[in-house]
Amino acid sequence: MGGTAAASTARGVRHPRALRVAAGARTVVWTAAAAVLLQTAIGAANEFTLESSFLNPDEEGSLSQLATAAVTAVAGTAAAAHAILFPARRRRFAALGVILLYFAVDDVLVLHEGLGEAVGERLFGLSGHLAVRLWILLLAPLLAAAFLLVASEARRAGGRLRTVLFGGLGALVAAVVVEVGGAVTRSPSFIDRVSGKPETLRYLLEEALELGGWILLAGGLLVLLSARADGEVGAYDRRS
């Protein structure tokens, strides 16, 4: 009887801590999905009814952008906690924490778009809808560094945490691609020829991908932090 139970445990029963990691990963995914749906519904309803700048996801200082900045700050804080609490890859997590916290502050103060506009309009004479997107090139080194640092930890984490973290990265990369599309849909000539509706759909999609991506990253890093504290991913810290 005891031997059968032991064999059954070895074959298919997962450790309670592993189950908590899987449950945490699922919670993160559902939270991201719910937040994205809520934000998109509010943004769409606002576009056609209230027309409030605070509820418009595309406006700086809006509820959506403040929420995204807050979630980004949570991700940065989680990365910093990894660096403080665990010696394994302390420098990598410290660097990731600094970058993500900078992104959070940047979002609140709108530094990246202001920088893009200043460089694009003053140095290159670009029109506003093009210059404002120049931040993607200016911040490319930080974006690439954050991507590589998160991807490295996602590969080590494995399982559902890997899926969650890579899902967050994928959503954020897609958000940048959609942002580039605004160079067309926000062009005054395009709006005159077609309408402003494609631009509305574009920014709703962009902000949805951005919020969802940051929730997946923040949640994934928090679940990983809890798992490391519980010793569930002890082997994780020994992987090269």
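Accessible areas were calculated by the Shrake-Rupley method with a 1.4 Å probe, and for residues only the protein chains shown count as cover. On this basis the protein exposes about 12300 Å², of which carbon and sulfur atoms supply 68%. The structure is a predicted model, in which local features need pLDDT of at least 70 and side-chain atom pairs count only at pLDDT 80 or more, whereas totals for chains, interfaces and linings use all residues. Residues are numbered from 1 along each chain as its sequence is written, and side-chain values use heavy atoms, with hydrogens and water left out.

The protein contains 11 helices and zero strands, where helices (H or I, at least four residues) and strands (E, at least two) are DSSP runs numbered from the N terminus. Of the 240 residues, 43% are buried; buried denotes under 20% relative accessible area, exposed over 50%, and partly exposed the range in between (1.4 Å probe, protein chains only). Contact is defined as heavy atoms within 4.5 Å. Among contacts between residues at least 6 apart in sequence, 70% join residues at least 24 apart.

In soluble globular proteins, nonpolar side chains tend to be buried together. A nonpolar core is here a set of buried Ala, Val, Leu, Ile, Met, Phe, Trp, Tyr and Cys residues joined through side-chain atoms within 4.5 Å. The largest such core comprises 35 residues, and Leu96, Leu100, Trp214, Leu217 and Leu221 touch the most other members. At least two residues of this core are supplied by each of helices H2 (16-50), H3 (63-85), H4 (90-109), H8 (140-157), H9 (159-185) and H11 (197-230). Helix H11 provides the largest share, 10 residues. When residues up to four places away in sequence are not counted, Leu221 touches Ala75, Ala78, Ala79, His82, Phe93, Leu100 and Leu165.

Two residues of helix H9 were examined individually. Thr185, located in helix H9, is buried, with a relative accessible area of 13%. Its side chain makes polar contacts with the side chains of Glu199 (2.5 Å) and Arg202 (3.4 Å). A polar contact is a pair of N or O atoms within 3.5 Å; within protein, one must be able to donate a hydrogen and the other to accept it, and residues adjacent in sequence count only if both atoms are side-chain atoms. Beyond four places in sequence, Thr185 touches Phe190, Ile191, Pro198, Glu199 and Arg202.

Arg162 also lies in helix H9 and is partly exposed, with a relative accessible area of 39%. Apart from neighbours within four places in sequence, Arg162 is in contact with Ala154 and Arg155. The C-alpha atoms of Arg162 and Leu224, 62 residues apart along the chain, are separated by 9.9 Å.
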